[in-house]
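Please read the numbered points beside the sequence and the coordinates.

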Amino acid sequence: MTFPEAMQAVLDGHTVQRAAWNPRRTVRLSVVPWNGVDEALVVFDKNKLGDVPPFPFTAKGADVRGDDWLIVEVSE
């Protein structure tokens, strides 16, 4: 799917990632863990191994132009 479609999926509560990314890296809309208040697009480790902390998602040009976005299932 395209970037706008992926962002709509995020707004609908899904977790997304690009096919070209490391399979552990996902993006979702979340209350940010570093302050527990603000909502933002956050990159999470899908495997939850604890070695990669969540961090803010900043879309690069390739992400915005990419059409390889996927909805992924992540167990909570």
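1. In this predicted model, the side chains of Arg18 and Asp63 meet in a salt bridge, with 3.2 Å from N to O; the term stands for a side-chain nitrogen of Lys or Arg within 4 Å of a carboxyl oxygen of Asp or Glu. Arg18 belongs to strand 1 (residues 15-18) and Asp63 to helix 2 (residues 61-65), so the pair ties together parts that are 45 residues apart in sequence. Helices (H or I, at least four residues) and strands (E, at least two) are DSSP runs, numbered from the N terminus. Both Arg18 and Asp63 are buried, where buried means under 20% relative accessible area, exposed means over 50%, and partly exposed lies in between (1.4 Å probe, protein chains only).

2. Residues are numbered from 1 along each chain as its sequence is written, and side-chain values use heavy atoms, with hydrogens and water left out. Because the model is predicted, local features need pLDDT of at least 70 and side-chain atom pairs count only at pLDDT 80 or more, whereas totals for chains, interfaces and linings use all residues.

3. The structure holds four salt bridges, and Arg24 takes part in two that deserve a look together. Asp45 pairs with Arg24, the closest N and O atoms being 2.4 Å apart; since Asp45 lies in strand 3 (residues 39-45) and Arg24 in the loop between strand 1 and strand 2 (25-31), the pair ties together parts that are 21 residues apart in sequence. Asp45 has 10% relative accessibility and therefore counts as buried. Arg24 also forms a salt bridge with Asp51, again given as 2.4 Å from N to O, and because Asp51 is in the loop between strand 3 and strand 4 (55-56), this pair ties together parts that are 27 residues apart in sequence. Elsewhere, salt bridges that share partners join Arg18, Asp63 and Asp68 into one network.

4. At 5% relative accessibility, Asp63 counts as buried.

5. Which residues make up the largest nonpolar core? It has 11 residues in all, namely Phe3, Ala6, Met7, Ala9, Val10, Val16, Trp21, Val27, Val43, Phe57 and Trp69; such a core is a set of buried Ala, Val, Leu, Ile, Met, Phe, Trp, Tyr and Cys residues joined through side-chain atoms within 4.5 Å. Helix 1 (residues 3-11) supplies the largest share of this core, five residues. Phe57 touches, beyond residues up to four places away in sequence, a list of residues including Phe3, Trp21, Val27, Val43, Asp63 and Trp69.

6. The structure also holds four aromatic pairs, in which rings of Phe, Tyr and Trp (its six-membered ring) have centres within 6.5 Å, with planes under 30 degrees apart counted as stacked, over 60 as edge-to-face and the rest as tilted. The ring centres of Trp21 and Trp69 are 5.2 Å apart and their planes stand at 75°, so this pair is edge-to-face. Trp21 sits in the loop between strand 1 and strand 2 and Trp69 in strand 5 (residues 69-72), 48 residues apart, and the pair thus links distant parts of the chain. Trp21 counts as buried at 12% relative accessibility, and Trp69 is buried with a relative accessible area of 1%. Ring pairs link Phe3, Trp21, Phe57 and Trp69 into a cluster.

7. One backbone detail concerns Lys48, which has a positive phi of about 50° although it is not a glycine. Lys48 is found in the loop between strand 3 and strand 4 and is partly exposed, with a relative accessible area of 44%.

8. As for the chain as a whole, there are two helices and five strands, running α-β-β-β-β-α-β from the N terminus on. Buried residues make up 34% of the 76 residues, and the C-alpha atoms fill a box of roughly 30 × 25 × 20 Å, taken along the principal axes. Of the contacts with a separation of 6 or more, 45% are between residues 24 or more positions apart.

Key. Contact = heavy atoms within 4.5 Å.
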